[in-house]
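The sequence and the structure are shown first.

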Amino acid sequence: MDGKGDIIATWMKKHRLIYTGATRHPFILNIRDGSIDISSFKRWLAQDYIFVRAFVPFVASILVKAWKETDDSSDIDLILGGMAALNDEIEWFKKEASKWGVALNSVVPHKANVDYCRFLESLMNPDVEYTLAITAFWAIETVYQESFAHCLEDGSRTPEELKETCQRWGNEGFGQYCCSLKNITNRCLEKASDDVLSKAEVILIRILEHEVEFWNMSRGAI
Ligand SMILES: Cc1ncc(CO)c(N)n1
């Protein structure tokens, strides 16, 4: 330990407002209180399928960075497990889309989605350090975990037909996975230079902003 401690906890305090904006967005609150407009849900489903397809090569790029930059094989195992889960997730999207009558092959990506995927692509560059990419990965997964877990808490009135979606990211196993990603990220951040550390913080904020825009788009607000 070099005394930097839990950097993510420090960031969470500092950026609480935007973090809450991403994890307690009206889209999520409307699922939780049962007032969600089903056309919004379908829009989210179709757009998120496109996002997840772009997320696969992003996670693959992190796997390559981990292999080159860390001697901790448990990092590779965790990222590989994440990729395996994405394989299931893509099949789940197809099944869910057919249930709702959403045609995935004719979906036009929305600007917020294109912008977000472009940002992911910029992080796939081999020049981008493992620490920066894993920070983004942790943040992306954690926003969904915290958002959908909120829809399953006691007192929530999530419609029955949306519970499976919320379970997908809100379940305890996914929560554990996010916790492991957080531990890896903190370990990398503790060893990082001040320059990388400040870049990582900017990336976290950018991710949170993209997540808010993604929910906005899903609601049809933009
Ligand atoms: C936009 C978005 N953020 C995060 C996740 C979690 O994987 C997802 N599926 N989509």
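## Terms and basis

A crossing is left-handed if the near helix is turned anticlockwise from the far one by less than a right angle, and right-handed if clockwise. Helices (H or I, at least four residues) and strands (E, at least two) are DSSP runs, numbered from the N terminus.

The model is predicted: local features need pLDDT of at least 70, side-chain atom pairs count only at pLDDT 80 or more, and totals for chains, interfaces and linings use all residues. Residues are numbered from 1 along each chain as its sequence is written, and side-chain values use heavy atoms, with hydrogens and water left out.

## Helices H6 and H10

Helix H6 passes helix H10 in a left-handed crossing. H6 and H10 (residues 194–219) pack at an angle of about 155°, with their axes 9 Å apart; axes are lines fitted to C-alpha atoms, for helices over the stretch in contact, and angles run from 0 to 180 degrees between N-to-C directions. H6 is therefore roughly antiparallel to H10 (angles under 35 degrees count as roughly parallel, over 145 as roughly antiparallel, 65 to 115 as roughly perpendicular and the rest as oblique).

On the H6 side, the contact (heavy atoms within 4.5 Å) involves Ala112, Asn113, Asp115, Tyr116, Phe119 and Leu123. H10 contributes Ile203, Arg206, Ile207, His210, Glu211, Glu213, Phe214 and Met217.

## Helices H4 and H6

H4 (residues 38–69) and H6 (residues 111–123) pack at an angle of about 5°, and their axes are 9 Å apart. The two helices are therefore roughly parallel to each other. From H4, the contact draws on Gln47, Ile50, Phe51, Ala54, Phe55, Phe58 and Lys65; from H6, on Asn113, Tyr116, Cys117, Leu120 and Leu123.

## Asn113 in H6

Asn113 lies in helix H6 and, at 0% relative accessibility, counts as buried (buried means under 20% relative accessible area, exposed over 50%, partly exposed in between, with a 1.4 Å probe and protein chains only). Leaving aside neighbours within four places in sequence, Asn113 is in contact with Gln47, Ile50, Phe51, Phe214 and Met217.

The side chains of Asn113 and Gln47 are joined by a polar contact of 2.9 Å. Such a contact is a pair of N or O atoms within 3.5 Å; within protein, one must be able to donate a hydrogen and the other to accept it, and residues adjacent in sequence count only if both atoms are side-chain atoms.

## Val64 in H4

Val64 belongs to helix H4 and, at 42% relative accessibility, counts as partly exposed. Val64 and Tyr130 are 66 residues apart in sequence and 8.9 Å apart in space, C-alpha to C-alpha.
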